[in-house]
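Please look through the model shown below with attention to its charged pairs, its strands and its aromatic rings. The report that follows takes these topics in turn.

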Amino acid sequence: TGIASYYADKFHGRRTASGEVFHQDSLTAAHKSLPFGTLVRVTNLRNNQSVVVKVNDRGMKGKNRVIDLSKAAARELNMVGAG
């Protein structure tokens, strides 16, 4: 359990740590330690909406977030307005 956020638009089209190209419209995420390709169910505890994402990136060093999501995943969770 922890804080989730989503990627800024400036990352669209850049390579992820796994070598894949990042797309804001894909259901993907960055996680500090889970293996690339791991499928993770993320649930917004404010509204109980959930989405399954594939881990394909790293990041968030020194941040208090657990996971960073693509914008498509954030939309599925109805959290785009919250950031």
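## Salt bridges

Arg65 has a relative accessibility of 21% and therefore counts as partly exposed, the class between buried (under 20% relative accessible area) and exposed (over 50%), with a 1.4 Å probe and protein chains only. Arg65 forms a salt bridge with Asp68, their closest N and O atoms being 2.7 Å apart, a salt bridge being a side-chain nitrogen of Lys or Arg within 4 Å of a carboxyl oxygen of Asp or Glu. Asp68, in turn, is buried at a relative accessible area of 12%. This is a predicted model, in which local features need pLDDT of at least 70 and side-chain atom pairs count only at pLDDT 80 or more, whereas totals for chains, interfaces and linings use all residues. Residues are numbered from 1 along each chain as its sequence is written, and side-chain values use heavy atoms, with hydrogens and water left out.

The search of the whole structure finds 3 salt bridges. In one of them, Asp9 meets Lys71 with the closest N and O atoms 2.9 Å apart; this pair links distant parts of the chain, since Asp9 belongs to the loop between β1 and β2 and Lys71 to helix α1 (residues 71–76), 62 residues apart. Lys71 is buried, with a relative accessible area of 15%. Lys54 and Glu20 also form a salt bridge, at 3.1 Å from N to O; Lys54 lies in strand β4 and Glu20 in the loop between β1 and β2, so the pair ties together parts that are 34 residues apart in sequence.

## The sheet

An open sheet of mixed pairing is formed by 5 strands in the order β1-β5-β2-β4-β3, where helices (H or I, at least four residues) and strands (E, at least two) are DSSP runs numbered from the N terminus, and two strands pair if DSSP finds at least two bridges between them. The edges are taken by β1 (3–6) and β3 (39–43), each with a single partner strand, so one side of each is left without a neighbour in the sheet. Strand β2 (residues 28–31) pairs with strand β4 (residues 50–57) in the parallel sense over 3 bridges, and Ala29 stands opposite Val55 in β4.

## Aromatic rings

The whole structure holds 2 aromatic pairs, meaning rings of Phe, Tyr and Trp (its six-membered ring) with centres within 6.5 Å, the planes counting as stacked under 30 degrees apart, edge-to-face over 60 and tilted otherwise. Tyr7 and Phe11 form an edge-to-face pair, at 6.0 Å centre to centre and 75 degrees between the planes. Ring pairs link Tyr7, Phe11 and Phe22 into a cluster.
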